[in-house]
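Please study the sequence and the structure before reading the solutions.

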Amino acid sequence: MNDKYYPWGGEFTVCSPQGCVAVVLLNIQYQPSGNVAIYGSLKTENIGIEKIIANTISNPWIRFLVICGDEIRGHRSGASLIAIHKNGIDPNHRIINAPGAIPYIENLKEEAIKRFQAQLKIIDLIGEKEKGKIDTIIAECIQKTPPCFGEPYIAIRLKPQATVNLTDNRALHSRIIVDYLGNVKKRGT
């Protein structure tokens, strides 16, 4: 593995350093061919998406992002990943039009999201679980042999704006809090 690629870690397998396809696995047991650059699971619509964005833009050879398997109930992480690619984030760092429960991006600069939007084409196979169909789509992407996007983009993690201590309300996300009754509100409101 090239040390300059995939700086944010996560649950993934690295295959071909100059592969043009990354594969996101939702609720599916699937292993693509070794011709893909990287593949791994996505469970959450916030930190999981941040890791996928940071790691895919660090490898400029990756030009396609194939999302396959069944959606994660409640999180809707696959649809939220598609939404950030299509719409970006609003001033509160919420993924625009994302269906997930807590689709907030707090650790990436908007510049990293713009790079993700420009570098990668999303292949939406949400709901597809048949290995043969997924393999065929991946092979079609690989056959296109797109050029390298340029230099790697290494996304630096932003420092959190707030910390949580024992006297705080229970924190689900640094901008969202849930009180002891289960009422959800945004921090600062």
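A pocket is an open set of points on a 1 Å grid over the protein atoms alone, where a 1.4 Å probe fits, with protein on both sides within 12 Å along at least five of seven lines. The model is predicted, local features need pLDDT of at least 70, side-chain atom pairs count only at pLDDT 80 or more, and totals for linings use all residues. Residues are numbered from 1 along each chain, and side-chain values use heavy atoms, without hydrogens and water.

**Exercise 1.** Describe the largest pocket and its lining.

Step 1. The largest pocket holds about 330 Å³ of space, a volume being the space filled by probe spheres set on the points.

Step 2. Its lining (residues with an atom within 4 Å of a point) has 22 residues, of which E11, S41, G48, K51 and I52 are the closest to the centre.

Step 3. Two or more lining residues come from each of β2 (21-25), β3 (38-41) and α1 (47-58); helices are DSSP runs of H or I with at least four residues, and strands are runs of E with at least two. The largest contribution, six residues, is that of α1.

**Exercise 2.** Determine how α1 packs with α2.

Step 1. The axes of α1 and α2 (residues 77-87), lines fitted to C-alpha atoms over the stretch in contact, lie 10 Å apart at an angle of about 50°.

Step 2. α1 is therefore oblique to α2, as angles under 35 degrees count as roughly parallel, over 145 as roughly antiparallel, 65 to 115 as roughly perpendicular and the rest as oblique.

Step 3. The contact (heavy atoms within 4.5 Å) joins I49, I52 and I53 of α1 with S77, S80, L81 and I84 of α2.

Definitions and conventions: Axes fitted to C-alpha atoms, helices over the stretch in contact; angles between N-to-C directions.
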